[in-house]
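Me: I have a structure to go through and would like to take it step by step. Could you help me read it?

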Amino acid sequence: MQSFKDKVIAQAQSLQRTLVLPEGDDPRIVVAASRIIEQNIASEVYLLGTREAIARSAQYSSTSLHKPGIHIVDPVRSEYRDSFSELYYSLRKHRGVTLEMAKEAVQDPLNFAALMVKQGKAYAMVAGAKSITADVLRSAITIIKPQKNTKLVSSCFVMQFRQLYSSFASVATRTIPGDMGGIIFSDCANIPQPSSDDLVEIATGAAESCKKYLNTAPRIAFLSFSTHGSACHPEVDRVRTAARLFKEKFPDIVSDGELQYDAAVIPDVASFKAPASPLYGKSNVLIFPDLNTGNIAYKLAQRTSHAEAYGPFLQGLSGPVSDLSRGCSAEDVLVTAAATLTQENNCVIPPT
């Protein structure tokens with residue numbers, strides 16, 4: 001089986017698109033940029049920041065940036081500063097932003113990177129090694145914009161389990177979350193307390209992520225501490241309502257809820273906890289009831305269950321942007337960049 005990492009790297013290599021990394025003065029980003037070019041994952045990589053700061057990080061990480069395809073861009077001194085200021089002003093003037101305010105805003109590397117994607121100077125953007133999720137999201141949503149008819153921008157992780165897993169010894173040698181070891185966790189980064197309607201939006205994005213990243217039909221489980229009415233609580237009702245609304249909206253997608261984790265991913269458990277479930281314990285998309293649960297779950301799986309966690313990938317944006325974990329490694333940046341470069345870009349304003 002080809003791993004998620006190998007698959008997205010091969011796809012990115014075949015597409016030869018351009019990447020912008022706004023946190024260019026971070027040593028992990030510098031190392032990743034060098035390796036991305038060395039491995040032909042992107043045709044060009046733009047590192048944002050001052051030449052002095054980026055040079056220091058390159059020296060610190062013993063990395064050479066003197067390679068064709070690597071470009072250092074200082075937003076404060078860039079030739080695009082004036083045109084980007086005009087574009088930012090046109091996007092935000094309805095919010096009271098003046099041209100002077102726009103000129104200051106585009107000096108922020110996150111905004112500058114998003115504007116590069118918006119205007120086609122770069123195809124994709126990856127950030128978050130130093131920036132909090134809220135700041136990455138603010139730039140992406142403000143400039144790149146959500147997809148049409150999308151109410152919120154959520155996220156997912158692609159989790160790939162390296163070892164067979166089960167809570168039950170009798171099936172420990174043959175059970176693994178997801179049909180082929182890959183499974184979507186959503187939302188683990190963006191929406192703290194989703195309503196039932198929000199959970200439907202999150203599941204809609206996660207279904208598309210499953211098709212895109214796992215190359216398979218989604219089988220969606222709405223998770224709870226209850227399975228098919230085993231507990232009564234308003235929080236259970238919220239998840240149960242979301243599962244019902246999603247099924248009404250997308251009857252052709254296999255989905256169920258509310259389900260406990262084991263009933264969602266272990267067939268033997270599902271057979272007695274949820275015998276009527278159409279998932280049969282073979283879910284490949286897990287929708288968590290809130291951000292606390294999702295974030296804790298992915299970190300537990302990553303740190304204690306020998307799972308590789310790729311992402312978070314943003315869902316519902318018009319253009320390809322991914323938000324890194326601040327604990328990321330250079331390898332995480334590389335794989336996230338490769339996956340982001342394979343996404344579709346529907347936000348581009350033709351360059352003037």
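Reply: Let us begin with a term: a salt bridge is a side-chain nitrogen of Lys or Arg within 4 Å of a carboxyl oxygen of Asp or Glu. With that rule in hand, please keep in mind throughout that this is a predicted model.

Me: Which residue has a salt bridge with Glu331 at 2.5 Å?
Reply: That is Arg35, whose closest N and O atoms with Glu331 are 2.5 Å apart. This pair also links distant parts of the chain, since Arg35 is in helix H2 (residues 27-38) and Glu331 is in helix H13, 296 residues apart.

Me: What do the salt bridges that share partners join?
Reply: They join Lys5, Arg35 and Glu331 into one network. As for accessibility, Lys5 is partly exposed at 27%, Arg35 is partly exposed at 26%, and Glu331 is partly exposed with a relative accessible area of 22%.

Me: Changing topic, how many aromatic pairs does a search of the whole structure find?
Reply: The search finds 10 aromatic pairs. Among them is the pair of Phe4 and Tyr310, whose ring centres are 5.0 Å apart and whose planes are at 40°, so the pair is tilted. Phe4 is in helix H1 (residues 4-15) and Tyr310 is in strand E10 (residues 307-315), so that 306 residues separate the two and the pair links distant parts of the chain.

Me: Are Phe4 and Tyr310 buried or exposed?
Reply: Phe4 is buried, and Tyr310 is buried as well.

Me: And what about Phe185 and Phe288, what kind of pair do they form?
Reply: Phe185 and Phe288 form an edge-to-face aromatic pair, with 5.1 Å from centre to centre and 65° between the planes. Phe185 lies in strand E6 (residues 182-186), while Phe288 lies in the loop between strand E9 (285-287) and helix H12 (291-304), so the pair ties together parts that are 103 residues apart in sequence. Both of these residues, Phe185 and Phe288, are buried.

Me: Which residues do ring pairs link into a cluster?
Reply: The cluster is made of Phe4, Tyr213, Tyr310 and Phe313, linked by ring pairs.

Me: Let's go to Ala33, where does it lie?
Reply: Ala33 lies in helix H2, and it is buried, with a relative accessible area of 0%. Leaving aside neighbours within four places in sequence, Ala33 is in contact with Leu21, Val45, Leu47 and Ile70.

Me: What separates the C-alpha atoms of Ala33 and Val265?
Reply: The C-alpha atoms of Ala33 and Val265 are separated by 37 Å, and these residues are 232 residues apart along the chain.

Me: Next one, where is Thr63 placed?
Reply: Thr63 is placed in the loop between helix H3 (51-60) and strand E3 (70-73). Thr63 counts as buried because its relative accessibility is 15%, and its side chain makes a polar contact with the side chain of Ser61 at 3.0 Å.

Me: And what does Thr63 touch, not counting residues up to four places away?
Reply: With those residues left out, Thr63 touches Val30, Val31, Ser34 and Ala58.

Me: Last one, where is Thr18 found?
Reply: Thr18 is found in strand E1, residues 18-21, and it is buried, with a relative accessible area of 15%. When residues up to four places away in sequence are not counted, the residues that Thr18 touches include Ser43, Glu44, Tyr46, Lys121 and Leu341.

Conventions:
Residues numbered from 1 in each chain as written. Predicted model: local features only at pLDDT ≥ 70, side-chain atom pairs only at ≥ 80, totals over all residues. Heavy atoms only, no water. Helix = DSSP H or I, 4+ residues; strand = E, 2+ residues; numbered from the N terminus. Buried < 20%, exposed > 50% of the residue type's maximum accessible area, 1.4 Å probe, protein only. Polar contact = N/O pair within 3.5 Å; in protein donor to acceptor, adjacent residues only side chain to side chain. Contact = heavy atoms within 4.5 Å. Phe/Tyr/Trp six-rings, centres within 6.5 Å; stacked < 30°, edge-to-face > 60°.
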